[in-house]
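Please keep the sequence and the model in view.

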Amino acid sequence: MSQHKINRIKELPVERLGIRKFNFKLIVHITGILLTWMSISMVLPLAVSLHSHDGAQFAIIASALLILMAGMLLRNILGRNPDYELKEMESYWITAIIWIVVPICGTLPYLFLGDMASFTDAAFESFSGFTTTGSSVVPYPEELPPSLLVYRSFTQWIGGIGLLLFVVAIFSNLGLTSRQLFDAEFSGTQQRRLHPHLSKSVSRLWRIYTIITLLMMVLLLVTGVPIVDSICIAFSTVSTGGFLPYHDGLSMLSNGSLMVITIFMILSGISLAELYLLITGRWRQMARDQELRTYLGLMFLSVAVCSIAFISVGNKPSESIRYSLFHIASTMSSCGFYLPKLGHWSFLVSVFTFMLIIIGASAGSTGGGIKIWRVMTVTKYIGNYVTRMLHPNAVICIKMNKKVVEKEYINKIFAYVFLYLSFIVIGAFVLTLCGSSIPDAICMAAANISNLGPSPLINNLGGDLEYAMLPDLAKWTITVLMLAGRLELFVLIAIFSPAYWRRR
C-alpha cells in the first residue's frame, strides 16, 4: 500500500473505519454515581451496628469511605463532564461493567470483618446478594454481626429492582440514554412503563418496591419477628433474594409470620407494573393480564398437585397443604426459602419443583427463571405450529393481552431459551468436574442461573448443600451463572459477540 493511501486512511473518521468509539467517560461517570450512592446506603448497616454494639462499625465505615473515594474519583475526575449520548450497544457494555464493579466493591465489608476465608468467598457472597440469588458460603448466619446480616440482605434489595434503574430515576439529564439503560436492564423482556416520562415511570417502580418492603417489615414485627430479622427477611423476600438470618430456614417462625412471608413471596413474583395497578385500585385492568392469570393458575395447580402427592405418601392433609403453598410460592418467586421437609417426600414434588425453577416468575418482577411471559409465548407458538401443520393455509399470529407479538421478539425468546438451557448444561458439566454428583450439579446450575439460590429441591431431598465446601472453580462457575441469570444472558452474549465490535 502506498504512503498516500495510508495517510488517507489515517485522516478518515473512526466511524468510517468501522471501529467502535465508546463513550467511556459516561460509562465511568455513571459507575461512579452508583458507587457514591452505594457508600451512602451503608448508613443503614452502620446504624444497626451502633445500636447492637456488634463491633462491625469500623469495618463498615472503612468500606463506605473506600467505596465513596472510588465513586468520587470515577464521577468527578475520570468521568468529569461526560457526553450524555450513549449508543444502543454501549448500554450493554455499561450494564455489564456496573453489574461486575458494584458487587466487587461490595466484598469490602466481608473482607474487613474477616468472616470470609478468601476473596473468592467474599465475591461469591456479594454477587449472590446483588443478583438476588441467595446462595451463601456462610453455614451459620446467626454467628454474623447483625449489621452484616442487614448489609447482605440490603444488597439483595438494591439489586432486586435493578442498579441502573436507580440512575434513571435520579438523573433526568440523561435523555435518550435513560431509555437505553432501561432497555438494557430488561434486555430479555418487555417491561411495561407506568408513565409516558421514563424517569417518572421508574420512580413509581421504586416507590411501589419501597412501600411493599416497609409494609412487610411492619407485618413481620406485628407477628413477633425481631426487628433485625424483620428487616433481613423483608429485604430478601421483596427482592426474591433468599438470604436468611437462620441456618435452618424459617422453621423457628410462627404460622402467622410464615403466612405473611408466603403472601409477599407470591406478590414478589408478580410484575411491578401489575402491583402498581393493585395498589392504585385498578383491579379489573390487573385481572385482564394473561401472564398474571397464568402465574396464579400455575401456582394453584402446582400447590394442588404437590398437596395430593404429599398426602398420598402418608403426610397429614393440613401439613401437606400448608407446606405445599409455602414451597411452591418460594420456588416460583425464586425466593429460595425453605422449611424442614415433611416426614414423607414425594418424587412428583421434586419433578414439579425442578420444572418451576426453570419457568420462574413473571416478567417485570424481581424473580428469576425463564419467566412466565416467555413460556407462554413459546407454548402458543408450538400450538400455532401444530395448527398450521393440520391447516397449511391458515394464517395465525401469536397474541398476548390482545396484542400481536412480533416475529423478531419470538425469535429472541427462542434464542434466550436455548441459551438458558445451554448455560445450565455447561454449568452442570463444570460442577461435575469439580466433584459434585450429576443431580446436585444440575440442580445447582438451574437454581443459580434462575437466581433461586438455596434450592428447595436440594434441601428438601435431604442433601446437605454447603456452598462453602465447594472448590474455587465451582464457586466462580456458580457466580457466572448468577450474573448471567440476572443480566438475562443477552448482555453477556452481546459484549462477547464479534458483531458487537463491528461498525453499526
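The charged end of Arg 374 sits over the ring of Tyr 416, at 3.7 Å from the ring centre. Such a contact requires NZ of Lys or CZ of Arg within 6 Å of the ring centre and within 35 degrees of the ring normal. Arg 388 lies over the face of Tyr 381, 5.9 Å from the ring centre.

The model is predicted: local features need pLDDT of at least 70, side-chain atom pairs count only at pLDDT 80 or more, and totals for chains, interfaces and linings use all residues. Residues are numbered from 1 along each chain as its sequence is written, and side-chain values use heavy atoms, with hydrogens and water left out.

**Aromatic pairs**

Tyr 381 also pairs with a ring. Which angle do the planes of Tyr 381 and Phe 414 make? They stand at 70°, with 5.0 Å from centre to centre, and the pair is edge-to-face. Tyr 381 belongs to helix α19 (residues 372–390) and Phe 414 to helix α20 (residues 407–433). The two are 33 residues apart, and the pair links distant parts of the chain. Helices (H or I, at least four residues) and strands (E, at least two) are DSSP runs, numbered from the N terminus.

The structure holds 14 aromatic pairs. Rings of Phe, Tyr and Trp (its six-membered ring) pair if their centres lie within 6.5 Å; planes under 30 degrees apart count as stacked, over 60 as edge-to-face and the rest as tilted. Phe 119 and Trp 476 form a tilted pair, because their planes lie at 40°, with ring centres 6.4 Å apart. Phe 119 lies in helix α7 (residues 119–130) and Trp 476 in helix α23 (residues 472–486), so this pair ties together parts 357 residues apart in sequence.

Elsewhere, Phe 154, Trp 157, Trp 206, Tyr 209 and Phe 235 make up one aromatic cluster.

Buried means under 20% relative accessible area, exposed over 50%, partly exposed in between (1.4 Å probe, protein chains only).

| Residue | Relative accessible area | Class |
|---|---|---|
| Phe 119 | 40% | partly exposed |
| Trp 476 | 33% | partly exposed |
| Tyr 381 | 31% | partly exposed |
| Phe 414 | 32% | partly exposed |

**Surface patch**

Phe 119 and Trp 476 also belong to a nonpolar surface patch. Helices α4 (57–78), α5 (88–105) and α6 (108–113) each give two or more residues to the nonpolar patch. Leu 111 is found in helix α6 and is partly exposed at 34% relative accessibility. Patch residues have over 30% relative accessible area and no salt bridge; like charges are joined within 9 Å, nonpolar side chains (Val, Leu, Ile, Met, Phe, Trp, Tyr) within 5 Å. A salt bridge is a side-chain nitrogen of Lys or Arg within 4 Å of a carboxyl oxygen of Asp or Glu.

His 53 is not a glycine, yet has a positive phi of about 55°. His 53 sits in the loop between α3 (43–52) and α4. Ser 334, also not a glycine, has a positive phi of about 65°. Its loop runs between α17 (317–332) and α18 (347–359). Are these residues buried or exposed? His 53 is exposed at 70% relative accessible area, whereas Ser 334 is buried at 2%.

**Overall**

The protein has 25 helices and two strands. Of its 504 residues, 56% count as buried.

Notes:
Accessible areas come from the Shrake-Rupley method with a 1.4 Å probe; for residues, only the protein chains shown count as cover.
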